[in-house]
Amino acid sequence: MKEFNTIRTRANRLDSPDKATGEAIYVDDISKPGMLFGALLQSPHAHAKVLSIDTTEAKKLPGVKAVLTSKDVGTIPYGVSPARYDETVFVTDKVRYVGDEIAAVAATSLDIALKAVELIRVEYEILPAVFTVEDAIKEDAPQIHEKYKGNLTAEVHQEFGDVEKGLKESDIIKTTTVKNKRQDGAFLEMQGCIAEFDRRGNLTLTSGTQTPHYVQRTVAMVLGMDIGKVRVKKPYLGAGFGIKAAANPMELACCFLAKETNKPVKMNYTREQVFMFCRARHQFTHTITTGAKKDGTLVALKHECTLDGGAYSSFGIATVYYAGSLLAGPYKLPNMSYEGFRVYNNKPACGAQRGHGAVIARAAFEQQLDMIAEELGIDPMELRIKNMMSRGDTTCNDLNMSSFGMSECIDAVREGSDWDRKKGNMPIGKGIGMACGFFVSGAGFPIYRSDTYHGTVMIKLTEDGGTALVYTASAEIGQGSDTAFAMIAAEALGVPLSAIRLASGDTDMGVDLGAYSSRQTLMTGHATKDAAEHVKSQVLAVLAEKLDTPVEDMDIKNGFIEFKNQTLDFSELRTTYIKEHRGWIDNPDSEKLTFNEASRIAYLEKGTIVGTGKYKPVFLGGKYKGAAVGTSPAYGCSAQVAEVTVDMGTGQVIIDNVTDAHDCGKAINMTSVEGQMEGSVSMGMGEAMHEEVIFDDKGNVLNNDLAEYKLVTAMDMPKVKSIVVESDEPNGPFGAKEVGEGAIMPTIPAILNAVYDAAGVRIYELPLTPERVYTAIQEYKERKGAA
Amino acid sequence: MLLPEFELHEPVSIEDALKLKKKHGKDARLMAGGTDVLVLLKKKVIFTDTIISLLQIKELSQIKESGNEVVIGACATMAQLSKSSVIKEKFGALKSSCDNLGSHLIRNRATIGGNCCNASPAGDTMPSLMIYDAKVMIESTDGKREVSIKNFFKGPGVTDLAIHEILTGFKLPIPPKNSGAHYIQLGKRRSSEINVVNVGSFLEYDPDTKTIINSRIALGSVAATPIRAQKAEELIKGKPAKEDTFYTAGETARKEDCKPIDDFRGSAAYRQAMIGVLTKRTLQASFEQAQ
Ligand SMILES: Cc1cc2nc3c(=O)[nH]c(=O)nc-3n(C[C@H](O)[C@H](O)[C@H](O)COP(=O)(O)OP(=O)(O)OC[C@H]3O[C@@H](n4cnc5c(N)ncnc54)[C@H](O)[C@@H]3O)c2cc1C
């Protein structure tokens with residue numbers, strides 16, 4: 001096996017010291033001379049015509065510097081996917097949800113800005129509103145967008161193989177309907193931004209975003225500016241989970257306010273506004289029919305799904321495709337059909353959240369696998385192993401598993417949880433359950449169709465030699481990507497991690513599509529490796545010439561140059577280097593030529609050494625409509641076992657243990673991989689157990705704070721045993737692929753299956769509140785009593 | 001959403017606080033830990049431009065044992081009560097209420113007086129105070145009075161306190177021998193929870209006849225205020241202290257003593273069912289303690 005020096009270790013994260021000392025700078029820590037504060041006027045109604053907007057009084061308030069509406073900023077449509085640009089910065093004719101943006105104010109203080117917002121007079125004509133999928137698709141339902149009839153954002157109709165035939169040939173068929181509830185991203189840092197124009201008309205937007213590149217493009221498009229004149233910078237970020245993966249209306253309003261006032265303008269969402277803006281996980285309703293043979297072989301899957309989308313598309317088109325395409329694995333499944341509908345209504349828009357589109361479909365399907373296993377008398381682990389794909393397999397919808405340590409994951413959790421001893425031997429009220437899952441390692445295409453590289457990286461060696469500066473436009477959002485790329489650069493260049501300095505999150509540094517779809521480690525990682533190799537080859541080329549030795553006979557490792565010919569005389573180069581540092585007392589005296597010396601010599605010969613790297617996936621297959629959503633250069637996969645205690649009297653569920661195995665290809669940083677695994681379990685648990693955004697009948701969020709929106713607390717978190725399974729991904733840098741989202745896939749179904757094992761009840765609606773579990777137990781008792 | 005501006009008074013004696021309250025009347029709000037007041041002000045549920053903080057009044061945060069009773073100052077915090085040895089030893093159900101309210105941060109600020117004056121039907125300390133038969137100590141510039149906790153709550157956010165009065169503390173009689181008490185809160189997660197239902201029970205039994213001499217059962221989150229399950233209490237008086245009896249008490253409490261409502265935290269039906277389960281469980285646990 002290949003030896004590594006930096007990757008696959010538990011190197012300390014680059015950002016730990018800043019974060020541990022509280023010195024890390026986030027958007028809200030930044031203040032600029034003369035900075036103004038912005039505030040938004042957002043609709044109090046879910047659906048209403050805007051008859052008039054009167055800003056006179058607001059403008060008169062001392063301290064107010066600008067009040068903008070759509071009359072001032074225009075109505076250029078934007079959104080996430082160009083196929084559905086259905087938003088404008090400020091509404092023109094009508095508001096579509098409680099929170100729709102109507103106007104923005106910039107003032108010398110936030111107090112004044114908020115006061116001014118209250119002084120804006122808007123005349124509304126209330127329109128009938130719809131809040132559910134069922135109501136929105138009714139024939140006479142109020143229409144939310146002129147352009148998208150029937151309140152449909154998008155619909156998908158796919159069939160691979162012959163499902164009807166497959167079902168006919170099946171010995172056992174199960175149909176269930178499973179639904180979840182709308183989630184909130186609930187990241188610690190609320191969205192915030194600062195926009196600033198310089199005197200030459202260049203705009204810098206400092207924003208808490210996962211995708212500086214997409215924000216840059218949207219801002220340029222909506223403000224009508226050259227992309228080159230817009231710079232988006234991301235400081236430290238308190239997470240995003242998908243919600244911050246596109247430009248938001250506040251960022252756009254902020255840029256317009258800065259343009260209007262010629263002053264820096266800062267804006268922030270409050271927690272309430274985070275809930276209002278939403279863009280998090282949709283509410284899905286999946287009806288799934290699975291057919292299998294007596295021996296457990298899966299034959300066919302028929303799948304229908306509706307997505308409760310909210311007022312705008314956001315990522316919705318991608319979501320509705322992902323919800324279908326990612327059921328084609330990780331099991332061999334020759335026949336699959338999918339009907340998906342993403343429906344508009346008068347609630348905040350949903351978008352992408354960790355495990356984009358696929359989490360609830362997975363929960364429904366993995367629960368069915370357990371039902372089939374039980375009926376056939378097969379152990380759930382065995383059923384899964386029997387049907388599992390392996391490396392090199394391709395799904396019926398063209399997803400290729402170029403590496404796939406899924407059976408290893410199952411073995412790991414089977415042993416790690418002591419499954420064979422526990423399964424079937426637990427008392428009433430205690431249960432154990434398992435599930436599997438997989439996820440893309442980066443979307444195959446940018447969200448706007450383009451041949452662009454998905455990531456470019458530039459590495460410059462310091463002229464004095466010895467340090468490599470890595471520049472990437474990728475987004476460190478707390479997941480540890482900066483550290484991963486520094487480690488990849490160090491490994492590829494052959495220097496210690498301490499020789500790397502890295503800067504990221506700035507569109508001036510190149511193109512990077514950002515932190516979403518679990519793409520950065522693989523894609524930005526590739527570009528980083530490519531750039532490092534480019535730099536290395538330039539340094540070695542100079543040495544080769546100077547020492548008259550072929551490049552193939554030398555290498556850089558751990559900061560030293562390794563020559564095949566160990567007696568090669570490089571003293572002349574050393575003398576040159578030492579002359580450059582006359583009077584310095586720490587000149588090299590090592591047996592080997594150092595990287596410092598080599599890189600200085602290279603500079604003296606060639607000038608500044610700069611390496612560039614780039615990455616985009618090759619064509620990934622799939623010629624059918626929608627093939628772009630689901631195809632990926634690689635797939636991460638995982639298995640989990642959950643152990644629970646169910647209080648049979650109250651329905652309260654406690655998760656006692658989770659054993660989690662994930663195949664991330666080669667782990668760049670072991671600790672970060674485990675961190676993502678544990679974070680995924682906690683987020684999956686929250687969704688399974690108690691998170692849900694609740695609305696009143698007027699479209700207001702009732703639980704718009706973190707007291708009533710119930711995240712998992714430290715007290716609820718079980719012990720998580722994380723087992724990292726390392727396959728070797730041929731399409732990944734040093735064999736690496738994703739962990740950030742795939743790891744959440746099995747959590748919910750593993751819990752559902754464990755609750756069944758404990759209490760004998762199948763639950764088809766999330767979250768598993770005590771009340772829902774209690775009701776299911778009561779119904780079960782009544783059924784049993786009646787029987 | 002910003003916290004509105006207000007004038008803050010920090011009197012150091014009860015006398016000064018009472019004078020201030022009298023002067024400002026209903027325009028001023030009293031504040032202890034502020035974990036309710038500040039949240040409500042920020043959310044614009046309540047309005048005031050004058051706040052009188054009680055935290056500088058030393059005697060209000062004392063917990064004192066004197067003779068047959070314990071006196072708990074209104075400003076004693078949850079954290080302080082959880083750690084107090086007399087509460088730990090003699091008032092286990094109250095300790096458990098305090099242990100479970102909010103999070104560490106909240107428990108360091110939240111006071112028992114604030115919890116009662118906020119008078120949320122789901123408040124954590126109230127059922128425990130009710131089962132220990134606490135007396136509420138009240139003062140105004142006109143003098144002092146006491147009222148049984150049973151009669152203190154008048155509705156959500158409404159208490160027996162008049163505008164110019166301050167709650168200064170609680171008197172809790174030391175529980176007799178052969179008694180026990182237990183408190184259970186039921187929510188969706190294990191910490192920082194707002195109760196779906198909460199129940200406290202107190203039980204005294206006669207070790208010779210093994211019958212129940214006396215019991216107090218308090219139900220939270222199932223009415224406009226925390227309430228006593230009087231029918232259940234009466235029913236089990238003199239009955240044998242055993243599982244059947246506790247079950248009957250639960251059934252009575254569920255069917256006859258409470259009238260919960262639906263809200264987004266839980267349905268009436270579930271709340272009602274849980275009153276049965278938790279009443280039985282708290283009585284059972286109280287009995288085990290009493291033995
Ligand atoms: C995140 C969070 C979690 C919470 N979790 C819980 C929970 O789990 N269980 C629970 O029961 N509560 C909970 N609460 C609510 C709150 O913390 C408690 O009600 C707390 O006990 C209030 O005490 P305080 O000292 O902060 O009251 P304050 O906010 O200072 O006052 C509350 C009310 O009482 C009045 N008041 C205070 N002291 C006196 C006095 N001596 N005389 C007369 N009037 C007075 C005030 O004017 C005000 O109306 C939570 C709150 C938050 C913010």
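So, chain A exposes about 29000 Å², and carbon and sulfur atoms supply 50% of that. Keep in mind that this is a predicted model. Of the 787 residues in chain A, 62% count as buried.

What about the overall build? Chain A comes to 21 helices and 25 strands. Its radius of gyration is 28 Å, close to the 28 Å that the globule rule gives for 787 residues, so chain A is as compact as a globular protein of that length. Then take the contacts in chain A with a separation of 6 or more: residues 24 or more positions apart account for 80% of them. On charge, we've got 85 positive and 104 negative side chains in chain A, and the centres of those two sets lie 2 Å apart.

Okay, let's zoom in on one residue. Where does A:T528 sit? A:T528 is in helix 16 of chain A, which covers residues 520–547. And is A:T528 buried or exposed? A:T528 counts as buried, because its relative accessibility is 0%. Leaving out residues up to four places away in sequence, A:T528 touches A:V457, A:I459, A:V470, A:F485, A:I488 and A:A489.

Now some backbone details. As a reminder, most residues other than glycine have a negative phi, and most peptide bonds are trans. Here are some places in chain A to click on if you want to see something else. A cis peptide bond joins A:G329 and A:P330, with omega about -5 degrees. You'll find A:P330 in the loop between helix 10 (316–325) and strand 15 (335–344) of chain A. There's also a cis bond from A:L766 to A:P767, with omega near -10 degrees. That puts us in the loop between helix 20 (747–759) and helix 21 (770–786) of chain A, where A:P767 lies.

For phi, have a look at A:N262. This residue isn't a glycine, yet its phi is positive, near 60 degrees. A:N262 is in the loop between helix 8 (249–261) and strand 12 (265–268) of chain A. With 40% relative accessibility, A:N262 counts as partly exposed.

Chain B gives us another of those. B:K44 has a positive phi of about 60 degrees, and it's not a glycine either. Its loop runs between helix 2 (37–42) and strand 3 (50–53) of chain B. B:K44 counts as partly exposed, because its relative accessibility is 41%.

While we're on chain B, let's zoom back out. There are eleven helices and 14 strands here. A compact globule of 291 residues would have a radius of gyration near 19 Å, and chain B agrees, at 19 Å. The C-alpha atoms of chain B fill a box of roughly 60 × 45 × 30 Å along the principal axes. Of its 291 residues, 53% count as buried. Chain B exposes about 12800 Å², with 50% supplied by carbon and sulfur atoms. It carries 41 positive and 34 negative side chains, and the centres of the two sets are 3 Å apart.

Conventions:
Residues numbered from 1 in each chain as written. Chains lettered and ligands numbered in written order. Predicted model: local features only at pLDDT ≥ 70, side-chain atom pairs only at ≥ 80, totals over all residues. Heavy atoms only, no water. Helix = DSSP H or I, 4+ residues; strand = E, 2+ residues; numbered from the N terminus. Rg over C-alpha atoms; globule rule 2.2 N^0.38 Å. Buried < 20%, exposed > 50% of the residue type's maximum accessible area, 1.4 Å probe, protein only. Areas by Shrake-Rupley, 256 points an atom, 1.4 Å probe, with all protein chains shown as cover. Lys, Arg positive; Asp, Glu negative; His and termini not counted. Charge placed at Lys NZ, Arg CZ, Asp CG, Glu CD. Contact = heavy atoms within 4.5 Å.
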